[in-house]
Amino acid sequence: MSELLRGKRIAVTRPRAQASRLAAWIAEQGGEPVLFPLLEIAPAEEQAPLQAAIARLDVYSLAVFISPNAVAFSVPVILAGRRWPDALQAVAIGQSTVDLLAAHGIENTLAPRERFDSEAVLELPELQAQRVAGKRALLLRGNGGRELLADTLRARGADVDLVSCYRRSAPADAGPLQALLHAGELDALTVSSSEGLRNLVDLLDGPARARLRQTPLFVPHQRIAEVAAGLGLQGVILTGPADAGILAALSAHRWRQA
């Protein structure tokens, strides 16, 4: 077993269903992963919009999945009642979403290959105005979130339906992380959501926030780094995208010796 992270206690704050790969790698490198999801994920309280979209699925040309959670909380429901339409093109933001769609038998998904965000999806040739004007698109997502994808596709002439198939919520408290921060026993955090990071800061007391400001914070997107800076966090490390980028940054980091 490699010892790159020997003795390092590192918080993994992805939703629980997406945390296993990163946590396992940290453990393989001799570190101690601390699983603490900053977003709780559950089915949408209102299922009627998803059922209505399923009933008219054949009218759509594009089905855009915002995240793996969008797949997990919509595709099994869709496939329980009907087959995926041959003419319906799936679009995903990241490779994890592509992989999960493939596991359900939905292949040839359109997705960016380098950056994994809405802006990168909108740069895809297949989503330019001359290709989407007059088409109907179904955008599957969680509650709230950015409107950039829907607004831009509409501006390009597409007819977009938004369906929230899952909901995100903050954990009730941050007791386990707060205790580690108070004791100075948390060496780093990995954070892959701006919303989750805000949840954490809101849940911490003053002394824990002060510790967090100085703790290495590995984030895979510039937008999260900007939010962290706005919250006064000083140990922000911008990584490459997705888990692979976080893993590489953790490996390359020059850890302060105890």
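Arg167 is partly exposed, with a relative accessible area of 31%; that label covers the range between buried (under 20% relative accessible area) and exposed (over 50%), using a 1.4 Å probe and protein chains only. This is a predicted model, so to speak of local features takes a pLDDT of at least 70, side-chain atom pairs count only at pLDDT 80 or more, and totals for chains, interfaces and linings use all residues. Residues are numbered from 1 along each chain as its sequence is written, and side-chain values use heavy atoms, with hydrogens and water left out.

What does Arg167 form with Glu45? The two make a salt bridge, with their closest N and O atoms 4.0 Å apart. A salt bridge here is a side-chain nitrogen of Lys or Arg within 4 Å of a carboxyl oxygen of Asp or Glu. Arg167 sits in strand E7 (residues 159–169) and Glu45 in the loop between strand E3 (40–43) and helix H2 (48–55), so the pair ties together parts that are 122 residues apart in sequence. Those labels come from DSSP runs numbered from the N terminus: helices (H or I) have at least four residues and strands (E) at least two. Glu45 is exposed, at 70% relative accessible area.

The structure holds 14 salt bridges. Here are three of them:

| Pair | Closest N to O distance |
|---|---|
| Arg167 and Glu45 | 4.0 Å |
| Arg56 and Asp161 | 3.5 Å |

Now for Arg56 and Asp161. Arg56 lies in the loop between H2 and strand E4 (62–65) and Asp161 in strand E7, so this bridge ties together parts 105 residues apart in sequence. Is Asp161 buried or exposed? Asp161 counts as buried, at 15% relative accessibility, while Arg56 is partly exposed at 30%. Both belong to a network of salt bridges that links Arg56, Arg136, Asp159 and Asp161.

Asp58 is exposed at 55%, and Arg82 is partly exposed at 23%.

Finally, a look at two helices. H9 (residues 175–182) and H11 (residues 206–214) pack at an angle of about 70°, their axes 9 Å apart. Axes are lines fitted to C-alpha atoms, for helices over the stretch in contact, and angles run from 0 to 180 degrees between N-to-C directions. H9 and H11 are therefore roughly perpendicular, a label for angles of 65 to 115 degrees (under 35 is roughly parallel, over 145 roughly antiparallel, the rest oblique).
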